[in-house]
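Here are my notes after a pass through the model. Have it open alongside as you read.

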Amino acid sequence: MTAVLTRQEAVPRLWIYGAGHVGTALAPVALQAGFAVTVVDGRPEWAAPARFPPEVEVVDADPEDHVRSHPPSAEDSVVVMTHSHPLDEVLIRHLAAVPRAYLGLIGSARKRIMFEKRLESQGLTAEQLAQVRCPVGLMIDAETPGEIAVSIVAELVAVRRARGRLAARGEA
């Protein structure tokens, strides 16, 4: 009998900062796409495990404190979508400075421009800021939380597959 060896790939991790309507929609879609999902929100009523599938790790903690104590790995993906623009900005400031596979920020092109100006004045480089995907997700004119979740996961899958192709060619 011949043994068949299969290459085991690590399960990619997605950190979702913000358990609002889009975060709640994003978590199960990301699970279906093969991501291990952790949702972080400091509001206990939103960071309630009952709001998410049982496979989702839900953390009731201040997102800024969490990012400082649990920075993502270079293989992790992160999406920032909290209830607060100032908190989003603080999280992006921390996350843009550390290696990770993907960093997305929910918001408009106008929000991106505002954030970039302020974050550049705080020392982030143009290269670091260019890695932030905002608006987050593929441009499919998504409007509802479910549609936005699909667009984000589609982008996450595209990034994951592109990284896999680069790694297979020895370029990652």
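1. Starting with contacts: among those in the protein with a separation of 6 or more, 59% come from residues 24 or more positions apart. Keep in mind that this is a predicted model.

2. On overall dimensions, the C-alpha trace spans about 60 × 40 × 35 Å along its principal axes. A compact globule of 172 residues would have a radius of gyration near 16 Å, and the protein has 16 Å, so the two agree.

3. As for surface, the accessible area of the protein comes to about 9400 Å², with 56% of that belonging to carbon and sulfur atoms. Of the 172 residues, 43% count as buried.

4. Read from the N terminus, the order is β-α-β-β-α-β-α-β-α-α-β-α.

5. Have a look at strand S2, residues 36-41: 6 of its 6 residues are buried, so the rest of the structure largely encloses this strand. Ala 36, Thr 38 and Val 40 point one way from S2, while Val 37, Val 39 and Asp 41 point the other way. Note that Asp 41 is buried along with the others.

6. What does S2 pair with? Strand S1 (residues 13-17) runs parallel to S2 and is joined to it by 5 bridges; here Ile 16 has Val 39 as its bridge partner in S2. Between these two strands the chain passes through helix H1 (residues 21-32), and this β-α-β crossover is right-handed.

7. S2 also has strand S3 (residues 57-60) as a parallel partner, with 4 bridges joining them. In this pairing, Thr 38 has Glu 57 of S3 as its bridge partner.

How values were computed. Residues are numbered from 1 along each chain as its sequence is written. This is a predicted model: local features need pLDDT of at least 70, side-chain atom pairs count only at pLDDT 80 or more; totals for chains, interfaces and linings use all residues. Side-chain values use heavy atoms; hydrogens and water are left out. Buried means under 20% relative accessible area, exposed over 50%, partly exposed in between (1.4 Å probe, protein chains only). Two strands pair if DSSP finds at least two bridges between them. A crossover is right-handed if, with the strands pointing away from the viewer, the path from the first strand over the helix to the second runs clockwise. The radius of gyration is taken over C-alpha atoms; the globule rule is 2.2 Å times the number of residues to the power 0.38. Contact means heavy atoms within 4.5 Å. Accessible areas come from the Shrake-Rupley method with a 1.4 Å probe; for residues, only the protein chains shown count as cover.
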